[in-house]
Each structure stands twice: as structure tokens, then as C-alpha cells.
Amino acid sequence: MSRRFFAAGLHLLISVMIGALAALVVFLIWYPPPYGSIAGGLSLFLLLVSVDVMLGPALTAVAASPGKPRAELRRDLIFIIAVQLAAFSYGIHTIATARPVYLSFEIDRMRVVTAADIEPESLRDAPPGLRKLPWLGPKQIAAVRPTDLDEQLKSIDLGLAGFDLSMIPRNWRTYESQSEAAWRKSRPVSLLTSKYPNLEAQIKEIATDAGQPVVGLRFLPLISRQVSWVALVAAPGARIVGYLPVDGFF
């Protein structure tokens, strides 16, 4: 039994260390707070860890029977580790593909855009500077309605197919160029506290951290494929100063 415990324990320790390093990349770079919750990174990572990191050591405990010859044990362990690494690599690839790349102001809301939302060949139509998807966390942009009639009709067709305005790179603009529109579309934070009185303390804390009076804050709905939150914005430039996990459409 000591052989089983030693092999499985060592395998578990190594798996946990690799998982911890992956967590640093996932939650500090690809899904910085609060995107682990907004974009589903936390649930994806927990699924990866629970299935892959725990299953490998469990299989090692089964394979490391006391009477098994060393050559046979070595062969089994190599196979288990190879399968585990392949599964782990696939899981990390899935998490990377689903990572948020942009937080886009779109008409009257903020939308989280993931790498999976973008057709790679469509990036050539994006404005200069936005033709490569970021890897170091989501960037803030804006998406505008096309002005050309043909493009408007195409945009409607794409919207019916599930491609929202922010998922079409030719619609992208810098957030700074649309910040005034974002501020005009934002709503007073007093409406939020009236709807959700329990958020008053959190809003005061966000305002203090931002160096703003509470009355100086406004909000926009923030949506992703997983959740509907709100983004708190402040002057100048309708800069985002905080997030709250409540529905902003009311």
C-alpha cells in the first residue's frame, strides 16, 4: 500500500503544482477579476481541475499495485501521464479559446466579447491596431452601427445568425472615440440603488476607491454569454470603475 500512496501522492503533488501555475495564467492574465465570473472562466477551470488533476493520481493509485514489475509500472505511468497531459492541454486550449478579449460599448450596453466569438478571417476588416486579439486580458473598445445601407443589411443578417454588433471587427472603434456616447447612454446610479437597496454599501466603496462621490457614478448594463451584470462608470471619459452582479436592464 505504501507504493500506491507514494506514487499517487507524488503524482497529485505535481498535478496540483501544474494546476496552480495554470490558475495564475488563467485568473491573473486571461480572466482577471471579475471576468472569472462574468465570462465563465472559473467554472471552466474548476471542471478542468476536478476531472484532470484528480483523475491522473487516482489512476496512478490503481496502476501502482505492489506486485507489478517495475517495467510494467513504468509503462503504465507513462501512458497515464501522456493521457493526462493531452487532456490538460485540451482543457487549457478550451479555456484560452473562451477567454474574454474585449469589453465593448455597444449602443446602450457593455458586451463581453470572447476569442470564440470572432471569425479569425474577419479580423482583417478591423481598424488598424485591433487586428490581433489580445492575450493579456480584455481590452476596452466600442462597436458602432454601420452607416452604409448594404452593411446595415449585412449586420441585420449577422445579428439574426447570432453575431452581435461587437462580434464583427469592422464595427470596432477605440473606446475613447465613443466615450461621450457611452456617458450619454449610462444611467444615474441612484436608479440602481432604488432597484437594489442592498448594493448601497458596495457602491459607496467603489465610489470611494474611484475618488468620486456616489452621485458622480453612472451605470451601463454589462452582458456576456453567461451573465448579466452592470458596469459602473465615472467622468471623465466614462471610465469603468467597478462591476456589480445584478441585472442592469430595467
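Over the ring of which residue does the charged end of Arg218 sit? I looked it up: the ring is that of Trp183, with the charged end 5.4 Å from its centre. I count a charge as over a ring if NZ of Lys or CZ of Arg is within 6 Å of the ring centre and within 35 degrees of the ring normal.

I note that this is a predicted model, where local features need pLDDT of at least 70, side-chain atom pairs count only at pLDDT 80 or more, and totals for chains, interfaces and linings use all residues. Residues are numbered from 1 along each chain as its sequence is written, and side-chain values use heavy atoms, with hydrogens and water left out.

I then checked Arg99. Its charged end sits over the ring of Trp135, 3.6 Å from the centre.

Next, ring pairs. I found six aromatic pairs (Phe, Tyr or six-membered Trp rings with centres within 6.5 Å; planes under 30 degrees apart are stacked, over 60 edge-to-face, the rest tilted). One of them is Phe27 with Phe45, edge-to-face, at 5.3 Å centre to centre and 80 degrees between the planes. Phe27 is in helix H1 (residues 2-30) and Phe45 in helix H3 (residues 41-63), 18 residues apart. I took helices (H or I, at least four residues) and strands (E, at least two) as DSSP runs, numbered from the N terminus.

Phe45 is buried at 7% relative accessibility. Buried is under 20% relative accessible area, exposed over 50%, partly exposed in between (1.4 Å probe, protein chains only).

Tyr196 and Phe250 also pair edge-to-face, at 6.2 Å and 85 degrees. Tyr196 is buried at 18%; Phe250 is partly exposed at 37%. Tyr196, Phe219 and Phe250 form one aromatic cluster.
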